[in-house]
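Welcome, and please take a look at the model shown here.

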Amino acid sequence: MISIKEATTPKDLKKFVTFPFSLYKDNVYWVPPIIKDEMETFDKSKNPVFKDADAQFFLAYKDNKIVGRVAAIINHLEINQQNVKKMRFGWFDFIDDETVSKALLEKVAEIGSKNYLEYMEGPVGFSNLDKVGVLVEGFDHIGTMITWYNHPYYKDHLEQFGFATEKEYLENKFPEKNADPKFFSRVQELIKKRYKLRPLNFTKTKDVMPWADRMFDLFNESYASLSSFVPMTDIQKAYFKKKYISFINPEYIKFVVDQEDTLVAFAIVMPSFSKALQKANGKLFPFGIFHFLKARKHSKDVIFYLIGVHTSYQNKGVTAILFNEYSKTFREKKIEMCYRTPELANNTAIHQLWKHFDPVVYKRRRTYRKNL
């Protein structure tokens, strides 16, 4: 018999956050989150997303033991401003028992129906900056801090219950040496001259901060055409600026501006923290922080997190300027491998952007949809 209980107290939420630690205990590819950060993500007094979204967190019990979890999310911006009547679900983990996954999904469907929503989709987070998708290929590759890892049986459970693929995402990688400057060094000089553009590089986080709001504005504008995009609010911008910008190496944030210092393109790259997170095992203190600081300074793998280009400069080769600046930084730091965050399989523009680097698809993931 499966019982579903809502996690409403800090104690329950900690059980929700830590359940995967037992589910993936002996898995060498799973990357644990920092428990404190994950708790803050679900704290309605700290995460500004809750000003425009509601979420309920559920735990599945069998024989008084936790065997699954799911977050049921309603994003009111998506529903009211975009008229997308979607019930979101995420942080979906469960043992290989169909009665468990079924009970959790039925709870999400129940909430969606009560709120007159048309369909449910997941796994997704609150917004576009959250993790997304069930892994369907690439189980033998280590995860990242910005993606979910899962057992191979997850997709089978979803398909068994009548869920169909809604979106497919690809994760690519390429050796840094493939980013040969010959593909972009000459071109970027011509583009800088033609459009009167220049790159901005940073060595100190405090110098990035004055540009952060403009960067998030450009993010909203450049990603607006993608399916199910939910723009960041001003409150969320302030939250992400405080929480993440100071965490990223300033030399891995690159901007391109025009002659009036208007931001026309940006890119954010992060060192890989996967091994550091595994060593920290959910806790920054007392020793986890040292693994993080070491990775921040010495990791030879990097992850391309975000790239945004102003709509009036898209398809004009502006990214060549960004790549040229990264090439210099990566050679200096002796970076070996470059990884990309999940990108929509049907986003041809982004695939064209990387074609010269001979990227290899090493993971695929999907979101699944079912009408209510």
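Two strands are said to pair if DSSP finds at least two bridges between them. Helices (H or I, at least four residues) and strands (E, at least two) are DSSP runs, numbered from the N terminus. This is a predicted model, in which local features need pLDDT of at least 70 and side-chain atom pairs count only at pLDDT 80 or more, while totals for chains, interfaces and linings use all residues. Residues are numbered from 1 along each chain as its sequence is written, and side-chain values use heavy atoms, with hydrogens and water left out.

**A hairpin and its neighbour**

Let us begin with β9 and β10, which form a hairpin with 5 residues between them. In the turn, Asp261 has a positive phi of about 65°. Strand β9 covers residues 253–257 and pairs with β10 in the antiparallel sense over 5 bridges; Ile253 has Ile268 of β10 as its bridge partner. Strand β10 also runs antiparallel to β11 (residues 301–309), joined by 7 bridges, and here Ala265 is partnered with Val309 of β11.

Is β10 mostly covered or uncovered? Strand β10 (residues 263–271) is mostly covered, with 9 of its 9 residues buried. Buried means under 20% relative accessible area, exposed means over 50%, and partly exposed lies in between (1.4 Å probe, protein chains only).

Not counting residues up to four places away in sequence, Arg198 touches Lys192, Phe255, Val256, Val257 and Asp261, where contact means heavy atoms within 4.5 Å. The C-alpha atoms of Arg198 and Val256 are 5.6 Å from each other, although 58 residues separate the two along the chain. Arg198 is partly exposed because its relative accessible area is 35%.

**The partners of β14**

Strand β14 (residues 360–371) pairs with strand β5 (residues 119–122), and also with β6 and β7 (residues 164–175). The table gives the bridges for each pair, along with one example of bridge partners.

| Strand pair | Sense | Bridges | Example partners |
|---|---|---|---|
| β5 and β14 | antiparallel | 4 bridges | Gly122 and Tyr368 |
| β6 and β14 | antiparallel | 3 bridges | Val134 and Arg366 |
| β7 and β14 | antiparallel | 9 bridges | Glu171 and Lys363 |

Phe183 counts as partly exposed because its relative accessible area is 35%. Leaving aside neighbours within four places in sequence, Phe183 is in contact with Asn178 and His356.

In soluble globular proteins, nonpolar side chains tend to be buried together. A nonpolar core here is a set of buried Ala, Val, Leu, Ile, Met, Phe, Trp, Tyr and Cys residues joined through side-chain atoms within 4.5 Å. Which members of the largest core touch the most other members? They are Phe57, Phe89 and Phe126, in a core of 55 residues. Elements that each supply at least two residues of this core include β2 (53–62), β3 (65–75), β4 (86–94) and α4 (98–114). Beyond its neighbours within four places in sequence, Phe89 has contacts that include Val70, Leu105, Gly122 and Tyr368. A second, separate core has 32 residues, among them Leu129, Ile248, Ile268 and Met270.

On a 1 Å grid over the protein atoms alone, a cavity is a set of points where a 1.4 Å probe fits but cannot get out, and a pocket is an open set with protein on both sides within 12 Å along at least five of seven lines; lining residues have an atom within 4 Å of a point. Grid points are joined across faces, edges and corners, and a volume is the space filled by probe spheres set on the points.

The second largest pocket has a volume of about 960 Å³. Of the 41 residues that line this pocket, Asp37, Met145, Lys243, Tyr244 and Phe247 lie nearest its centre. Helix α2 gives the largest share of the lining, 5 residues.

The whole structure holds 5 cavities of 30 Å³ or more. The largest cavity has a volume of about 200 Å³, and among its 21 lining residues Trp30, Arg69, Asp93, Trp148 and Tyr149 are the closest to its centre.
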